[in-house]
Every structure is written in structure tokens, then in C-alpha cells.
Amino acid sequence: MNQLMKNILLTSMITLTSSTVFAYSNDAQTGSDYVTQEIDSPDSSFPLFYEKLKAVRMPYQLAWHDEYNPEIWHNIAKAKAQEIILPYQDDTPFNPLVIDQIDRGSYIAQKVVFNISHESRVLALMLTPKGDGPFPAALFLHDHGARFDIGKEKFVQTWGDDARLSSSREWAHRYFTDRFPGDELAKRGYVVLSIDALGWGDRSVEGFRTDSQQALASNLFNLGSSFAGIIALDDLRAAKFLASLPQVDKSRVASVGFSMGAFRSWQVAALSDDITASIVDSWMGTMKGLMVPGNNQLKGQSAFTMLHPYMARYLDYPDVAAIAAPKPMLVFAGGLDPLFPVDSVQQAFAKLHQVWRANGAEDKLNTRIWPNKGHIFTEDMQEAAFNWLDQQFEMN
């Protein structure tokens with residue numbers, strides 16, 4: 001990177017944000033009045049001064065502006081996002097081992113064990129088409145859903161475990177039109193890898209519930225890490241593992257996610273060079289647009305799986321996702337989704353298009369609000385997304 005250009009960009013960022021950061025610096029109150037209530041309720045526990053915090057304490061100092069050079073911004077923004085999101089680096093050998101497999105006609109389903117980190121050796125579900133590779137591949141990243149007994153099984157049909165199979169079929173009926181999206185993509189000729197996030201499936205414990213997340217998040221903060229950081233690092237490691245497989249075409253590796261998995265999908269696309277395209281369904285908006293009373297983002301618990309401290313000092317959600325540009329990215333949202341207000345989604349989409357346009361690759365970005373859909377990934381949405389991915393990867 002040209003150091004002079006980097007300095008110019010950094011100087012312009014400071015100029016653009018400094019007036020906002022210190023806007024209220026001379027507005028100190030005087031007198032004997034003081035607050036007698038400063039939290040809205042014992043349930044949501046929202047600070048009553050949140051509007052002031054949103055106005056002056058979320059400057060997004062490295063947010064995209066059209067006057068920036070896209071390549072320089074990409075390098076600076078990615079470095080800062082990695083610094084904030086990833087708790088540490090990990091290059092532990094994967095040492096994979098297949099422990100079970102079944103034949104599903106056009107593809108083989110396997111249970112594979114590998115080192116997702118130095119600390120954790122995990123079980124994943126992998127689907128591999130029959131025939132001569134290398135094949136395109138997809139890393140499937142499951143949702144939150146306050147359902148912890150299954151994780152990887154939400155996207156790929158499991159076997160040999162009737163309880164989890166029953167749970168995953170119920171999940172598929174509720175969100176995926178009775179389909180397992182991972183299996184559907186395997187039928188199209190993709191290698192598929194589906195993993196558990198920490199707290200789900202084999203990486204959980206019986207009785208783990210929504211309230212349990214608060215303690216887990218607190219403990220990980222005390223251990224010098226974070227709940228969201230561990231999930232992000234594991235996703236990057238899973239992407240690298242998938243791309244390293246001999247049957248995988250390293251130039252065609254996608255991330256696919258729904259809900260929390262969608263957050264994970266654009267995040268890993270932004271941070272990992274191993275991901276070359278991404279499908280994002282039902283998780284995109286601006287930080288301030290989602291930070292409104294009543295939104296799940298502010299209820300603690302599940303929010304900790306996606307909470308990176310101090311992110312708002314530097315980058316908004318669409319800024320982080322836009323680090324992935326000019327890679328192909330598809331982002332779907334439901335017009336009736338109560339978790340993601342349409343105004344916030346549209347603002348985020350506008351930012352994404354600005355960055356892809358600056359990279360000369362706006363045709364690689366597909367954003368769509370489905371007017372009559374809620375928080376869901378139905379068959380028609382899956383087909384539209386997978387057809388798009390086939391086009392990006394030039395599948396027959």
C-alpha cells in the first residue's frame with residue numbers, strides 16, 4: 001500500500017469524524033438537578049441516554065465514504081475489523097478424520113472430525129458429490145433461534161440420532177419449507193460443510209438455554225476473548241478447512257447463512273480470503289437502525305453471539321460486510337421481518353451498493369427485500385439464491 005495515500009485517507013477520516021465525536025464536549029450540565037431513573041425497565045434495561053450515545057459515541061471513524069480509494073479503504077477497514085473481531089490467530093493443523101458416512105445417491109454424507117481451533121476438536125457434517133472434482137463448495141452457518149440442541153443439523157440432514165433428526169425436521173418445516181438447504185446445494189454439485197457454533201449441537205450441554213448465554217459471554221470476556229469472537233474465529237477456520245480439501249475448487253467457496261448465520265456469512269466473507277462468494281439471508285441493517293427499544297439486538301443473551309466491543313467506534317455493520325467487495329454477495333431481507341426494520345435494511349443496502357460500485361463490481365452484489373416474507377428462508381428464496389450462486393460459479 002502506498003504510505004502517502006494511506007496517510008491521506010486516514011487524515012480525511014479524522015477530519016470527517018472529529019466534529020461528530022466532540023459535538024457535545026462543551027455541553028456539560030450545571031445545577032442541582034440529577035437523574036432519579038436512568039434505565040427504562042428491569043427487563044430491557046435500556047439506558048435512557050441512548051440517543052446521546054448514538055449521536056456522539058458511535059462515530060464509525062473508518063466507515064466508507066465515496067471519496068475514498070476502495071483498495072486502500074479495504075485494507076485499512078479489514079485490518080481494523082480483524083483486530084476488533086478476532087480474539088487471536090490460530091493455525092493448528094486440522095488433522096481431519098471421517099468417522100461415519102452414508103450414500104445419498106448423487107452425493108456422500110460424512111461425519112468428519114477436525115481441529116477447528118487449538119482448543120476444540122469438533123464434529124461437522126460434510127456432503128461430497130460423486131464424480132471427479134474439484135467441486136465448488138459452501139460453508140453453511142446456522143442460525144440462533146434460541147434452539148441449542150441442534151446446530152449443524154439445521155442445514156444438513158443428520159443420521160444415526162433420532163432426537164436430533166426429529167428436531168432438525170421440525171426446524172426445516174418452520175423455516176426452510178421442509179428442506180435441508182445444505183443437501184439441496186449438494187444435489188447441485190457442491191461440497192457442503194456444516195458446523196456447530198459454540199453453544200449449539202455437540203458444542204452445547206443438556207439444559208443450555210437462552211439465559212445461559214449471559215454467563216458464557218461473561219466468562220469468555222473474563223478469559224480475554226468473547227462469545228462473538230470465538231464464533232467468528234471458528235468460522236474462519238472452518239472456511240480454511242473447507243478450502244483446503246482436495247475435492248474442493250479453492251476459487252469457488254461460498255458462505256451461506258440464515259439469521260445469525262447470515263451475520264456470520266457476511267462476516268466471514270469480509271475477513272477470510274478463503275471465501276469467494278456469500279449468501280446472506282435475514283441479517284442486514286445499520287447498527288443505529290437496529291438499536292431501537294424492543295429489538296432483539298438490545299436484549300442481551302443472543303446479542304452476545306454477534307457483539308464485538310468498540311465496533312461502533314470504527315465501522316457500521318454494512319461497512320464490515322462491504323470489506324468483502326468485490327466478491328459476489330447476495331443479501332435477502334423480509335419486508336415483514338420484525339427483527340430488521342425495512343428503513344434500516346434499505347440504508348444498509350445503499351451503503352453496500354456504494355462500495356461495490358466504487359470497486360466497479362456492482363453487478364456482483366444482489367440485494368432484495370421480499371415484501372411478503374418474514375424472518376425465513378423458504379424454498380423460493382433458496383432456489384433464487386442457489387441459482388444466483390450457480391451463475392457466479394459458472395455451474396452448468
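Biologist: On what basis are residues numbered and counted here?

Modeller: Residues are numbered from 1 along each chain as its sequence is written, and side-chain values use heavy atoms, leaving out hydrogens and water. As the model is predicted, local features need pLDDT of at least 70 and side-chain atom pairs count only at pLDDT 80 or more, while totals for chains, interfaces and linings use all residues.

Biologist: What is the radius of gyration of the chain?

Modeller: The chain has twelve helices and nine strands; helices (H or I, at least four residues) and strands (E, at least two) are DSSP runs, numbered from the N terminus. The globule rule (2.2 Å times the number of residues to the power 0.38, with the radius taken over C-alpha atoms) gives 21 Å for 396 residues. The chain is as compact as a globular protein of that length, because its radius of gyration is close to that value, at 21 Å.

Biologist: What percentage of the residues in the chain is buried?

Modeller: Buried means under 20% relative accessible area, exposed over 50%, and partly exposed in between (1.4 Å probe, protein chains only). Of the 396 residues in the chain, the buried ones make up 55%.

Biologist: How far apart are the end C-alpha atoms of helix α7?

Modeller: The expected span of a helix is 1.5 Å times one less than its number of residues. For the 18 residues of α7 (residues 227-244) that should be 26 Å. The end C-alpha atoms of α7 agree with this, lying apart by 26 Å.

Biologist: Which residue forms a cis peptide bond with Gly133?

Modeller: Most residues other than glycine have a negative phi, and most peptide bonds are trans. The bond in question has an omega of about 0°.

Biologist: Is Tyr310 buried or exposed?

Modeller: Tyr310 lies in the loop between α9 (287-290) and α10. Tyr310 has a positive phi of about 75° although it is not a glycine. At 54% relative accessibility, Tyr310 counts as exposed.

Biologist: What is the relative accessible area of Glu394?

Modeller: Glu394 lies in the segment after α12 (379-392) and has a positive phi of about 55°. Glu394 is exposed, with a relative accessible area of 69%.
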